[in-house]
Amino acid sequence: MEQLKTIGRELAMGSQGGFGQSKEFLDLVKSIGEARSKAEEDRIVLSEIDILKRKLLEPDIPKRKMKEYIIRLVYIEMLGHDASFGYIHAVKMTHDDNLLLKRTGYLAVTLFLNEDHDLIILIVNTIQKDLRSDNYLVVCAALNAICRLINEETIPAVLPQVVDLLNHQKEAVRKKAIMALHRFHRKSPSSVSHLISNFRKRLCDNDPGVMGATLCPLFDLISEDVASYKDLVSSFVSILKQVTERRLPKSYDYHQMPAPFIQIKLLKIMALLGSGDKSASEIMYMVLGDLFRKCDSSTNIGNAILYECIRCISCIIPSPKLLEAAADAISKFLKSDSHNLKYMGIDGLGRLIKISPDIAEQHQLAVIDCLEDPDDTLKRKTFELLYKMTKSSNVEVIVDRMIDYMISINDNHYKTEIASRCVELAEQFAPSNQWFIQIMNKVFEHAGDLVNIKVAHNLMRLIAEGFGEDDDDADSKLRLSAVESYLQIISEPKLPSLFLQVISWVLGEYGTADGKYSASYISGKLCDVADAYSSDETVKGYAVSALMKIYAFEIASGRKVDVLPECQSLIEELLASHSTDLQQRAYELQALLALDARAVESILPLDASCEDIEVDKDLSFLNGYIQQAIESGAQPYISERERSGMLETTDYHSQDHHEVPPHALRFEAYERPKPSSVPTQASTELVPVPEPSYYSEAHQPISTSSVSERESSEIKLRLDGVKQKWGRPSYQSSTSASSTPPQAENGTSSHPDVGVGSSSLKPRSSYESKKPEIDPEKQRLAASLFGGSSSSRSDRKSSSGGHKPAKGTASKPPKENPIPVQPPPDLLDFGEPTATSVTATDPFKELEGLMDSSSQDGGSTDVMGLYSDAAPVTTTTSVDSLLSELSDSSKGNPGTYQSQTSKGPNSKEALEKDALVRQMGVNPTSQNPTLFKDLLG
Amino acid sequence: MIKAVMMMNTQGKPRLAKFYDFLPVEKQQELIRSVFSVLSSRPENVSNFLEIDSLFGPDSRLVYKHYATLYFVLVFDGSENELAMLDLIQVLVETLDKCFSNVCELDIVFNYSKMHTVLDEIVFGGQVLETRSDEIMKAVEEISKLEAASNSISLVPKSVSGWRGGR
């Protein structure tokens, strides 16, 4: 029924020549709408394409018909089919004089073509002509097209006309011209760099809409270069003030809020300008405070402004009062039922927490609710917040939660992100190496293929180097626990390749070190791995090398080696492998098994992965041999640089530099062997057979660790003496030595059944198992997240079992007692009495400056200079006096355009400057509310 | 900056798609499809926001609103305010409502070029241009009036004031 009505309406419009289309098109739309499958839809569209192709070839198509064809083309392309055969007709249509056709043409080309398309050149001329049109709608259509179709090379062709349009009498044109200029700036900043002053000029446009449009380019410009726009701070503040005081025409109200979009843009700009600038920030205090008071938090747009205020406050150097107001607004957001507001609240919390870390504590329960929310967006935002507030006291709980969430999601993009965050937090705040290894295991197990390979190398290095202190006992314990955990995990199906590499390496290096596991047990496991992942050559390579190490340790310690039958068959299989790398490893292993204990020990010494290997890169030990060879007529060595594409040496060196030896086939042709490349040949002849194997195998971890050291700025282990980021006094220092974190102590006191080893699992499991009595659990989670630093507090809590969960405020005092809260230095900075006194006075003075010309003492800025010669403003502002105001300002400060803050009527020069005034437009921020009506009406 | 405006119905059929940076057709389709698959999997009564770095690059957000059979979607970057964007959708819908009196999906389907006219008055080159629906309406009406006029004039060649004839 509705459909019929619409079609009826449509046909009626069609007969009037409005936006109507023919029956054919309506049928097309209808049949596509009713298509039951994508295939059916495609069929319909394809036949439509055929029809259009045919029709467009017909001669003398009436323009009306052509217009419809073009709309149909656009429609087809929106459905994902190629309509390029008709582009030229759209281009032609832009040339038409008829506005309807021209606009249709422009619409089609803006949707079809990108700025580098060949056909653009055919349109530029039309655009130039249309920009000069007397019909402002034609100009608007052309400006619209410019935004999409002009590229760096064609900007100069239209630039002068667009600049002229900045002074067009229609505000709609001025607005669009500014936007077009902004677009040019985005595309090619250099092309309009000389025109940037125009944006400042337009800020004083007498139409608030144009002024609002100017804020967009200014926002971009200011975010690129804050320093050169500091002079505009007070201008923006006074504009914002006047907007909030409803000085704009009523038509700018949106849901009873005065020009909210302009307010938001202004707040964004102020956030940029006030960041790290105390004096600029102080100018803003007053108006921000007003906004908090005035904002209507019952409408969506009111909340948008409130949120923007919070954002602004988190960027500038805020006053304690504003921080408080922002915190209040956040708590309102968080308490709201709307998910949107909760999201904004969490976001705001994440911003504010950097300035005042304590703020999160009052909202702990709300945050935990958000963590449990079915809304994925909210959940992710909350994880972001947790990530920001992680410190050594809550890292275990947070990382556990993150890992649980990571396991539960399928979105690889986000999985990668959250995995890397887990790794980062674990590396930064890990309370113990054991915990770190556990976390790494989980990350590898569930997101192994998404993790950066350096993380794996880091983990291997950690296990190899241990604590970095001379505590061999602890090191070997750590290794044993790693080996144990890996032996447990190894039999699980489908482990990520990277994780298997780590496992194989660790098992090979330390599997038998402790004597707990027999060589045959470990080697059996390694054979299983090589067998189960037979398609993964990297894993196989790691496994074979690990086997070699295990047998080498066995031989070196004088035990008899029984090569397992499956291992034997593995070696045999690999001896015939297509991968030369695997083949070589297998041959090396075979050769090693035949050697005696002394030779083996020198090839693969026990636990030597961290020892530096001295490599004589000059191969000086060969000097004698070379000398001999040359004397007997061999050609001398020609250095690498003198040859081209030398492969012997580069190949050789590549083993030094690559993290993993190349496993794939090489496709480049090998250099033809030259008799001159004596050194390499010599080395293989001179050095005993196992030597290269030793070199490549044992050297590998070294090279990786050196690689990771090189990359250490990116991912770095900082396990000892980590200082926390915010808030509470150092926690890590006291526990860095003990491997059992206090969290576990809490856990064991309340849940005796949970072992210390699995302490990191505790909060989650207990949480989930006891979901019904949600509050105490939440409370506990909250405590561990937000303030778990004092164990006395949680003791108290666990002893008072069914005690009604105290809200944030109730739990606060005992928490704060043990540790006196030290405000972070930032807060202290702006807590200074001098700062607040300035806060109180300065904005007032400035406002006074707007109202009358009270003496201005701080004439440091240009704006202040303008104030000083300002005269009292009469309440009845006539156009004359406005003009004179402006003329005065332009006289006083011709270069910079802060005329909106100047109020000085110096009527003598009014007439002289009349023309200039007209160019500049009239101050939109005047005192008189009827100003705009006067000027525009 | 606003990166894209999309409208699609609850079956995932695109009704209007405008990307403010050029994307090839295939890419546009892919984005529309993946946006729809995310939207359709969202439960009721959750927030209207999505962070979609995976589709539109880092720091891109999406705001959507579900009206009857249509999703209105805005994609934008960090320089816009999420709640304000939600209201921008509101502005768009309010304006369409005034345009078509009780707007429904079919109005949008059949008035394809008018939709673009309205949208172009609100968002210009990826920036919010106008948020007063009355002003938008005025501009759109003026355009359609002039279009209608020029349509009839084109039959009887007569120069409108200052109309530049010829190519």
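Predicted model: local features only at pLDDT ≥ 70, side-chain atom pairs only at ≥ 80, totals over all residues.
**Salt bridges between the chains**

Over all chains, a search of the whole structure finds 47 salt bridges. One of them links the side chains of B:Glu80 and A:Lys265, with an N to O distance of 3.9 Å. B:Glu80 belongs to the loop between β5 (70-77) and α3 (82-100) of chain B, while A:Lys265 belongs to helix α14 (residues 260-274) of chain A, so this pair joins two chains. Both B:Glu80 and A:Lys265 are buried.

A second salt bridge is formed by the side chains of A:Asp375 and B:Arg42, at 2.9 Å from N to O. Here the two partners both come from loops: A:Asp375 from the one between α19 (364-371) and α20 (376-388) of chain A, and B:Arg42 from the one between α1 (25-40) and β3 (49-51) of chain B, so that this pair too joins two chains. A:Asp375 has a relative accessibility of 0% and counts as buried. B:Arg42 also counts as buried, at 11% relative accessibility.

Within chain A, the side chains of A:Glu384 and A:Lys381 meet in a salt bridge of 3.9 Å, N to O. These two residues are 3 positions apart in helix α20 of chain A, and therefore about one helical turn separates them. Both A:Glu384 and A:Lys381 are buried. The pair also takes part in a network of salt bridges, whose members are A:Asp347, A:Arg351, A:Lys381, A:Glu384, A:Lys388 and B:Glu51.

| B:Glu80 | A:Lys265 | 3.9 Å |

A:Asn340 is placed in helix α18 (residues 339-352) of chain A. Its relative accessible area is 8%, and A:Asn340 is therefore buried. Leaving aside residues up to four places away in sequence, A:Asn340 touches B:Ser47, B:Asn48, B:Phe49, B:Leu83 and B:Leu86.

Helix α19 of chain A contains A:Val367. With 0% relative accessibility, A:Val367 counts as buried. Although A:Val367 and A:Lys342 are 25 residues apart along the chain, a distance of 9.1 Å separates their C-alpha atoms.

**Strand pairing in chain B**

Strand β1 (residues 2-9) of chain B is mostly covered, with 8 of its 8 residues buried. β1(B) runs antiparallel to β5(B), and 7 bridges join the two strands. In this pairing, B:Met6 stands opposite B:Val73 of β5(B).

β1(B) is also joined to strand β2 (residues 14-19) of chain B, through 5 bridges and again in an antiparallel arrangement. Two bridge partners can be named here: B:Lys18 in β2(B) pairs with B:Val5, and B:Phe19 in β2(B) pairs with B:Ala4. β2(B) is mostly covered as well, since 6 of its 6 residues are buried. The hairpin of β1(B) and β2(B) has 4 residues between the strands, and B:Gly12 takes a positive phi near 90° in this hairpin.

**A nonpolar surface patch**

On the surface, A:Ile88, A:Ile121 and A:Leu122 form a nonpolar patch, and together they have about 260 Å² of accessible area. Of these residues, A:Leu122 is located in helix α7 (residues 121-131) of chain A. A:Leu122 has a relative accessible area of 39% and is partly exposed.

**Cysteines**

How many disulfides does the structure hold over all chains? The count is 0. A disulfide is a covalent bond between the sulfur atoms of two cysteines. For A:Cys567, the closest cysteine sulfur is that of A:Cys527, and the distance of 3.9 Å is too far for a bond. The cut-off for a disulfide is a pair of cysteine sulfur atoms within 2.5 Å. A:Cys567 is buried, with a relative accessible area of 0%. A:Cys216 likewise counts as buried, at 4% relative accessibility.

Key: Residues numbered from 1 in each chain as written. Chains lettered and ligands numbered in written order. Heavy atoms only, no water. Salt bridge = Lys/Arg side-chain N within 4 Å of Asp/Glu carboxyl O. Buried < 20%, exposed > 50% of the residue type's maximum accessible area, 1.4 Å probe, protein only. Contact = heavy atoms within 4.5 Å. Pairing = 2+ DSSP bridges. Patch = residues over 30% accessible without salt bridge, like charges linked within 9 Å, V, L, I, M, F, W, Y side chains within 5 Å. Areas by Shrake-Rupley, 256 points an atom, 1.4 Å probe, with all protein chains shown as cover.
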